[in-house]
Amino acid sequence: MRRNEKVNLMGLTFEQMEAFCLSIGEKKFRAQQLMKWIHHQQVDDFSQMTDLSKSLREKLAEIAEVRLPRVITENISRDGTRKWALEVEGGGAVEMVFIPDGRRGTLCVSSQVGCAVDCSFCSTGKQGFQRDLTTAEIVGQIWLAGKSFGPRKNLGQHPVTNVVMMGMGEPLLNYDNVVDAMRIMLDNYGYGISKRRITLSTSGVVPMMDKLREDIDVSLAVSLHAPNDELRNELVPLNRKYPLAELLAACDRYSASRTHKHNTITMEYVMLRGVNDQHKHAVELERLLRGRPVKVNLIPFNPFPHSGYETSKRQDVLAFHKYLNDRGVVTTVRTTRGDDIDAACGQLVGAVKDRTRRNERWQKSIFLRTEQQGSAL
Ligand code: SAH
Ligand code: SF4
C-alpha cells in the first residue's frame, strides 16, 4: 500500500463502510448513503453526493476516494457481447466480458492478473501469475460495466443480473478479496444480486472450497476437464495436490451443506480434440459423477496461438453430450459468444497480445507492459 493512501470506498463491504464512518466520527447510517451513491447511482465524485453535508463531502475528498481500474478498450461483438481490457495499478491488464441473453446480462469477472495454476489449455495460465486483484478492482468491474450502458432511469435495472467468477485468475487463490467482492455483489446496498446468480468457478482448491461453503452462499462451478487423475494431472496441474477423490469429496460436502433445491454444482469440461473427448472418457465420467447432484457443462475449446490443442469435432461433442444425458447426467454444451472480439473462455489477454502483433495501434502499451512483467517472473 502507498503511504498516505486514501481509503478506496469502492472495495468496502457494508460492515467495513460502517466501521469507516465510525472511524471518521460520523454516524453509522452514513454507510447506507455512501454505498447507494457508489453502487446504485454509480457516482465516484463526493461533490455530487448531495444528501451529505458540504463539510462531510470535503472531509471525504481529503481522506477517501472511489477509485476504479482504467478502461483501456471496449469492444462490442456482433452478438452484443462486450469485452473490456482494464489497466490495473502497477502495470498489467485484466479483462471482463458482458454476455447479454434476453433479460439476463452475465458479467464474467476476473480475480487475478494472470494465474499460477497453469492449466495446459488456458491462455491466462500461459501468462503466469502477476498479482491478486483488490476487492475494489473485482467489484469495480460491475460498476464499470454498468456505467458503460449510460444513465438508468430505474436504478433497480442494472444491466448485470448475473456474475460468473470465470475471467482471469483462480478466485479461490485470492480468497479474502473475492469473498468481500461477492459480499458487495449480494448486498442490497451494493448490487443486490441473488446468491443463485453469482457463480464462482474453481480449478479445485479443496481447502478453500470448504472455507467458502462456511463463509458465503453462492453457486459453485468446478473445472473438472478429465475423468481420471492421470489425465487431470496433465491438464490441471493442481490435481497433483488435490486429486479427484479429494475434489469430489469437497464437492459432496458443498452440496450437502446447501438445500436440496440449490445443491447442484456445475462441472465444467473443456472439450479437447482426441485428448478428453472420446467415448471412453464419457463412460468414465458418467461413472465418476453418477448419483451426484451435478450438471455438466461441455465447453468447446477456444484456440489461441501455440496452445497445442484443437477444438473437438462437432460430432464428438454431440455424442459425448448424448451419452451423459441418456444416462441421467444433465449435460449442456456452452455456446461460444463474442468470438469475433476474442471474448470467449480462455481467450482473455493471450489474444490481446496476438492482436497487438497484427495491429500496432491496438493496446501496444499494454502488450509491452505485459511482456516486460512476464519476463521478470
Ligand atoms: N480459474 C478458474 C476460473 C477461470 S477459468 C477455473 O479454472 O475454473 C474459467 C473457465 O474457462 C474454466 O472452466 C476454464 O477451464 C475455462 N477455459 C480456460 N481456457 C479455456 C479455453 N482455451 N477454451 C475454453 N475454455 C477455457
Ligand atoms: Fe488459472 Fe482457471 Fe486458466 Fe487454470 S483455467 S490457468 S485455474 S484461469
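**Close-up views of a predicted model**

**Figure 1. Surroundings of ligand 1.** Ligand 1 is surrounded by 21 residues, and the closest are G169, S201, S223, H225 and N302; a residue is near a molecule if one of its heavy atoms lies within 4 Å of it. This is a predicted model, in which local features need pLDDT of at least 70 and side-chain atom pairs count only at pLDDT 80 or more, while totals for chains, interfaces and linings use all residues. Residues are numbered from 1 along each chain as its sequence is written, chains are lettered from A and ligands numbered from 1 in the order in which they are written, and side-chain values use heavy atoms, with hydrogens and water left out.

**Figure 2. Polar contacts of ligand 1.** A polar contact is a pair of N or O atoms within 3.5 Å; within protein, one must be able to donate a hydrogen and the other to accept it, and residues adjacent in sequence count only if both atoms are side-chain atoms. An oxygen atom of ligand 1 lies 2.7 Å from a polar side-chain atom of H225. A nitrogen atom of ligand 1 is 3.0 Å from a backbone N or O atom of N302, and a nitrogen atom of the ligand is 3.4 Å from an N or O atom in the side chain of E170. On its own, ligand 1 has 530 Å² of accessible area, and the protein covers 95% of it (Shrake-Rupley method with a 1.4 Å probe; for residues, only the protein chains shown count as cover).

**Figure 3. Two histidines with positive phi.** H225 has a phi near 65°, a positive value in a residue other than glycine, and sits in the loop between β11 (219–223) and α8 (229–235). Helices (H or I, at least four residues) and strands (E, at least two) are DSSP runs, numbered from the N terminus. H225 is buried, at 4% relative accessible area; buried means under 20%, exposed over 50%, and partly exposed in between (1.4 Å probe, protein chains only). Phi of H306 is also positive, near 65°, and this residue lies in the loop between β13 (294–300) and α11. H306 is exposed, with a relative accessible area of 80%.

**Figure 4. Aromatic pairs.** Rings of Phe, Tyr and Trp (its six-membered ring) pair if their centres lie within 6.5 Å; planes under 30 degrees apart count as stacked, over 60 as edge-to-face and the rest as tilted. The count by this rule is five aromatic pairs. One of them is the tilted pair of Y269 and F320, with 5.2 Å between centres and 35° between planes. Y269 belongs to strand β12 (residues 265–271) and F320 to helix α11 (residues 314–326), so the pair ties together parts that are 51 residues apart in sequence. Y269 is buried at 1% relative accessibility, and F320 is buried at 2%. Ring pairs also link F301, F304 and Y309 into a cluster.

**Figure 5. Helix α2 and its neighbours.** In helix α2 (residues 30–40), eight of the eleven residues are buried. Among them are R30, L34, W37 and H39. The buried residues of α2 pack against α1 (14–23), α3 (54–63), α5 (135–148) and α6 (175–186), where contact means heavy atoms within 4.5 Å. Just after α2, Q42 has a positive phi of about 55°.
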